[in-house]
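Subject: Structure handover

Hello,

The structure is below, followed by notes on what was found in it. Please read the notes with the model open.

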Amino acid sequence: MQARKKYVLLGLCACCWVLLFYWGGGVQLRLLRLLVRQRGDLVRPWPNWTDRAFFPRYAHLDELQTETGMAESPRQRRQAWSAIYKDSRCRMETCFDFSRCRRRGREGFRVYIYPSEKNDRVSESYRKILASIAESRYYTSDPREACLFVLGIDTLDRDQLSGQFVSNVDDRIRGYPLWNEGRNHLIFNLYSGTWPNYTEDLGFNIGQAILAKASLNTEHFRPGFDVSIPLFSKDHPQKGGERGWLVRNSTPPRRKYLLMFKGKRYLTGIGSDTRNALHHIHNGKDIVSLTTCRHGKDWEKHKDARCDHDNLEYERFDYQELLHNSTFCLVPRGRRLGSFRFLESLQAACIPVLLSNGWELPFSDVIQWNQAVIEGDERLLLQVPSTVRAVGNERVLALRQRTQMLWDAYFSSVDKIVLTTLEIIKDRVFSHTSRNKYMWNSVPGGLLALPEYSSHLEHFPFYYLGLGLSASQEFTAVIHAVSPLVSQSQPIMKLLQVVSKSKYCSQIIIVWNSEKPQPSRSKWPPMPVPLTVTDGRRKTTSRFLPHVAIETEAVLSLDEDTVLLTSEVNFAFLVWRSFPDRIVGYPSRSHFWDPLRHAWGYTSKWTNEYSIVLTGAAFYHRYYHHLFSHYLPQSLRILVDRTSNCEDILMNFLVSSVTHLPPIKVAQRKQYKELPGPQGTKSAPWASSEHFNQRQECVNTFASWFGYMPLVHSQLRLDPVLFKDQVSVFRKKYKDLERI
């Protein structure tokens, strides 16, 4: 009986507790808050690195949204965002008109820029963005052809206190006949919000437009629709950009300093909490974390007891010296989530350690950032030193190498940032031919792996090594013919016999670029391999067209008057199979900087160095035909066709810009020379007095378009082994090269 009473009593207590829990939870919470206020902060253990919900030391990020520290609830923030951006749930399938892009198949991806009005103020950064679009292969001046529209209004700086702020944007964009609530529009933005909150409010309703924005918060980012871009300065180069620094300091993987930061310390307002705490990890030895209060007009009004000491310590170290000699670089948030430090660290091969909770990293839907950066937590700053110390040397080197790949592929210029944005959107529009993550995250990057060519990795020359594949064992010879066929003794006839005897030759294609009509098939000698004659339409660049007839990966490009032996052809092809991403050939040339003319020069002299292998006798991968025809701008191809010159130099520029490596020269008979054409035929282009001057001008024109000089000098020449040794000729594979 006693036991039954005990169980009944316990049951009643449990029921009361359940009722109190469900119905009186509000009372409990209020009592708990009251106890906390009376007793002060509860003593709690230091949270784990991955615990993003616990914040014992510093103010919560939301509390920093206002100067007084009063935080809005997540619901209030979402409501405020939705009030400004009514289409916050937009996705490509709901807020984008695909039909505008598919009117002409893949060629339908065209971008139109609204013309600027007469009195519009356009910042230098936005002018660079518009110039990059206007010079791209996607630009159209006809809005009827456009798939994507870009505003002529400068929307980069939406801080109302900024001199670059443009007012009345809402009224102006609603006046565009093609606005259509923002559908198929792309809006660029670097700065949003103003003091003290620095919210992501742009001050106008973007509607259903795609937002390409720096410092995007993951809470407001529309996945698969918006594009997060990096914050870059007005001095960021339009084209080219400087190379990364790892090539100058590749080993050892670790540098003098383990971790560094040098920058502003905000005394009040959003972002101040994170940077005010950075002094805790500074030891002045292997960790250098420096901040200064000395910025802004009224910094002395807000200075605290640490300011004078911090300012003195700040002046002791040079920022560039730290950047060049640090393994890890802290990238804390500023007033906004993004920071200029991010791109600076990538270029310097200083592994970024991010302290910017909620930041949607640039181009996050295609870039695997865990292979290049370390993402920390603003609330767990004191764990950062032990975290970076635990990273092994192999991992350090891998991270640093990936920073260089990403910097060079996507961030070194405004041009690359803009084109990456467009290519990401294009991949969404044509998802069935989009690039995969491997293409985006391996050399040479997504901008140079055009999905129109193929969606299979094994079809590109860059991925053979990573996939464990070898290049094909056959080649297609493409001969550029400009002289009419008047004699069976012409050099092209002998060349056909030499090339066709190669056991690696699959077929021969003659690109007929003569003013005379094509000769009949009976005029050509019988061949052991298929022979095709195609119309070059009198264009010099037609030799690099992506001919459908080319079925092999390797292409042997030849001028009609080239003099070679079959053994030379075979040897060059075997060398190319070891270097399928480069140009491998015989005649070489070089470039140099002329300090007197302040311009690039071109020389055909035989020297110890070369940077160009002429395509009059060279192997390369057929993918470069596709890049030449579809990646390079039409203006450069028109220049080549107009002058009937420089197409070989342009191809070298293209390949070197992709690989960042020089071409490869192979053993060549010294008696090789360019022979004049038969009597009565048009003189060879190289014999013209203007030929050399044109090539000088071409080198500078091409360097201007690329934004830098991509050609790389080399002193390497590959010769066959044993070709000069005093052994029996029967032991030599390339015995004909003994004459060299």
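How many salt bridges does the count come to? The count is 27, where a salt bridge is a side-chain nitrogen of Lys or Arg within 4 Å of a carboxyl oxygen of Asp or Glu.

First, the basis. This is a predicted model, in which local features need pLDDT of at least 70 and side-chain atom pairs count only at pLDDT 80 or more, while totals for chains, interfaces and linings use all residues. Residues are numbered from 1 along each chain as its sequence is written, and side-chain values use heavy atoms, with hydrogens and water left out.

Confidence

The protein has a mean pLDDT (the predictor's confidence in each residue, from 0 to 100) of 84, and 83% of its residues reach 70 or more. Over residues 24-71 the pLDDT stays under 50. The model has 68 contacts (heavy atoms within 4.5 Å) beyond four places in sequence for that stretch. Residues 671-683 also have pLDDT below 50, with 13 contacts beyond near neighbours in sequence.

Salt bridges

Helices (H or I, at least four residues) and strands (E, at least two) are DSSP runs, numbered from the N terminus. Buried means under 20% relative accessible area, exposed over 50%, and partly exposed in between, with a 1.4 Å probe and protein chains only.

- Arg336 and Asp159 meet at 3.5 Å, N to O. Arg336 is in the loop between β10 (326-332) and α11 (340-347) and Asp159 in the loop between β3 (157-158) and α6 (169-174), 177 residues apart. Both Arg336 and Asp159 are buried.
- Arg543 and Glu647 have their closest N and O atoms 3.3 Å apart. This pair links the loop between β15 (531-535) and β16 (554-559) to helix α21, across 104 residues. The relative accessible area of Arg543 is 3%, so Arg543 is buried; Glu647, at 9%, counts as buried.
- Arg127 and Glu124 form a salt bridge at 3.1 Å. They are three residues apart in helix α5 (residues 124-134), so about one helical turn separates them. Arg127 is partly exposed at 43%, and Glu124 is partly exposed at 40%.
- Arg137, Glu423, Asp427 and Arg435 are linked in a network of salt bridges.

Disulfides

The whole structure holds five disulfides, each a pair of cysteine sulfur atoms within 2.5 Å. With the bonded cysteines numbered in sequence order, they pair 1-2, 3-4, 5-6, 7-8, 9-10.

- Cys90 to Cys95: S to S is 2.0 Å. The torsion about the S-S bond is about -80 degrees, so this disulfide is left-handed. Cys90 and Cys95 are buried.
- Cys293 to Cys307: the sulfur atoms are 2.2 Å apart, and the torsion of about -90 degrees makes the link left-handed. Cys293 is buried at 1%, and Cys307 is buried at 0%.
- Cys646 to Cys698: the sulfur atoms are 2.1 Å apart, and at 85 degrees about the S-S bond the link is right-handed. Cys646 and Cys698 are buried.

Sheet

Three strands form an open antiparallel sheet in the order β19-β18-β20; strands count as paired if DSSP finds at least two bridges between them. β19 (599-603) and β20 (612-613) are the edge strands. Strand β18 (residues 588-594) pairs with β19 over five bridges, and the bridge partner of Phe592 is Gly601 in β19.

Regards
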